[in-house]
Amino acid sequence: MEREDMGKIFFIGNIVNQEVCEKLESCSIAGNMWQYNFYNSLKNCAVEKIINISIVPLKVFPFGKILSPNKLKIDSTEQNKILKYLNIIFIKKISIFLSLLYYFIFNMKSKDKVILYNLYSPAVLAVFLLKIFFKIEIVAIIADIVVENDLKYKGLKKIIFKLSAIFQKIIIKKLDYIIAVNELILKDFKIKNGNVLEGGINLEIENNNIKKIKNNVKKIVFTGTLDNLNGLEFLLKSFLKTQNLDLELCIYGRGPLKEVVKNFSLKDSRIKYYGFIKQNAIKEVLMNADLLIIPRLKSIKTLRYTFPSKLFEYMESGTPILMTNIPGLNDEYKKEVFIIDTEDEEIFSKEIEQVLSLDDTLLEKKGKEAKEFILKEKNWDIQVKKFYLKWCSK
């Protein structure tokens with residue numbers, strides 16, 4: 001059977017070139033990499049033709065451009081459509097919805113399939129409307145989900161938050177298939193037609209040319225978005241309670257708590273803020289750290305339905321990892337890291353010192369085993385192929 005006869009798979013997300021994403025504050029580095037690697041691995045294993053439709057993530061005008069770019073470098077070898085929309089508050093979502101409808105009316109046929117990255121309402125509404133006229137299959141990747149007002153929004157934001165939660169619960173029941181980043185999404189929402197795909201490692205990118213440097217102090221590294229969903233204030237307060245003066249907490253990233261990090265660095269000279277650096281430089285930082293840290297708090301209900309994608313990047317570095325015991329983290333990951341079930345700053349600070357007091361040989365062994373596991377069992381090609389075969393066999 002010809003590839004065209006199998007129908008097409010449209011992937012709707014926010015993929016942009018990595019350099020472009022690094023320049024856009026509204027672009028999630030981790031989310032962009034997740035989508036990009038999933039899409040490329042799907043192209044390698046799928047029989048169908050894959051077309052990427054990218055909704056470029058922009059801050060609403062006047063903080064971002066009034067019109068989204070319709071030409072943007074992603075990869076010249078890929079089938080890409082950069083969706084054009086009017087980037088004005090209240091009009092933005094309507095514009096995206098209409099742009100998608102217009103594109104699909106001329107490009108969609110029955111037997112085609114759509115994969116949505118998260119349940120973004122304009123995209124969801126557009127493809128479900130099209131399903132009335134075309135026999136298409138709709139799949140959603142759920143990387144995070146709205147469950148309650150963890151961030152304590154007020155006024156209009158609170159109303160929108162609640163409506164989004166209701167909307168997602170309705171849509172989840174109507175999807176043909178779901179890819180969830182952890183098993184609790186499938187369990188709690190009683191989803192039978194789906195599978196877990198937390199993320200993966202890109203085997204094409206080698207780190208072998210990076211030389212490890214011996215540090216004069218024990219370097220603890222946190223990378224990612226600077227917010228409380230990632231447990232940043234908990235980490236900073238915990239670190240202040242450590243007694244060892246030969247420890248150094250190195251923070252890399254951007255986000256709403258940037259000034260908070262700077263203020264903590266003034267209180268304690270052992271806390272260093274290096275700002276946002278490019279992805280290729282992060283790999284060297286991770287490999288030269290003594291301990292990598294993920295301090296998320298399970299009391300934040302939203303985190304029940306997420307997975308820390310940075311865990312893959314951390315494990316790939318071969319550096320040992322300390323993290324809190326968050327929901328949805330399977331035993332296969334837990335045995336590869338140092339894990340503690342606490343939200344107490346004093347206890348967490350002592351655990352940091354305890355782990356770093358262990359013999360260097362033991363720490364190196366822990367990091368090496370985690371790296372071997374993630375490269376062998378959780379690379380993107382293996383992860384996406386498992387999904388594709390299960391999806392096709394249902």
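**Strands and helices of a predicted model**

Student: In strand E11 (residues 291-294), are Leu 291, Leu 292, Ile 293 and Ile 294 buried or exposed?

Tutor: Strands (E, at least two residues) and helices (H or I, at least four) are DSSP runs, numbered from the N terminus. Leu 291 and Ile 293 point one way from E11, and Leu 292 and Ile 294 point the other way. On a scale where buried is under 20% relative accessible area, exposed over 50% and partly exposed in between (1.4 Å probe, protein chains only), all four are buried.

Student: What kind of model is this?

Tutor: Residues are numbered from 1 along each chain as its sequence is written, and side-chain values use heavy atoms, leaving out hydrogens and water. Local features need pLDDT of at least 70, side-chain atom pairs count only at pLDDT 80 or more, and totals for chains, interfaces and linings use all residues; the model is predicted.

Student: Which residue of strand E12 (residues 321-324) is the bridge partner of Ile 293?

Tutor: Two strands pair if DSSP finds at least two bridges between them. E11 pairs with strand E8 (residues 218-223) in the parallel sense over two bridges, with Ile 220 and Leu 291 as bridge partners. E11 also runs parallel to E12, joined by three bridges. Here the partner of Ile 293 is Leu 322.

Student: Which strands are the edges of the open sheet of seven strands?

Tutor: The sheet has the order E3-E2-E1-E4-E5-E6-E7, with parallel pairing. An edge strand pairs on one side only, and this holds for E3 (80-82) and E7 (194-196).

Student: Which residue of strand E4 (residues 113-117) is the bridge partner of Phe 10?

Tutor: E4 and strand E1 (residues 8-13) run parallel and are joined by four bridges. Within E4, the partner of Phe 10 is Val 114.

Student: How many charged residues take part in the contact of H10 with H13?

Tutor: With contact meaning heavy atoms within 4.5 Å, Phe 312, Met 315 and Glu 316 in H10 meet residues of H13 including Gly 367, Lys 371 and Phe 373. Ala, Val, Leu, Ile, Met, Phe, Trp, Tyr, Cys and Pro count as nonpolar, Asp, Glu, Lys and Arg as charged, and the others, Gly among them, as polar. The contact has six nonpolar residues and one polar, and the number of charged residues is two.
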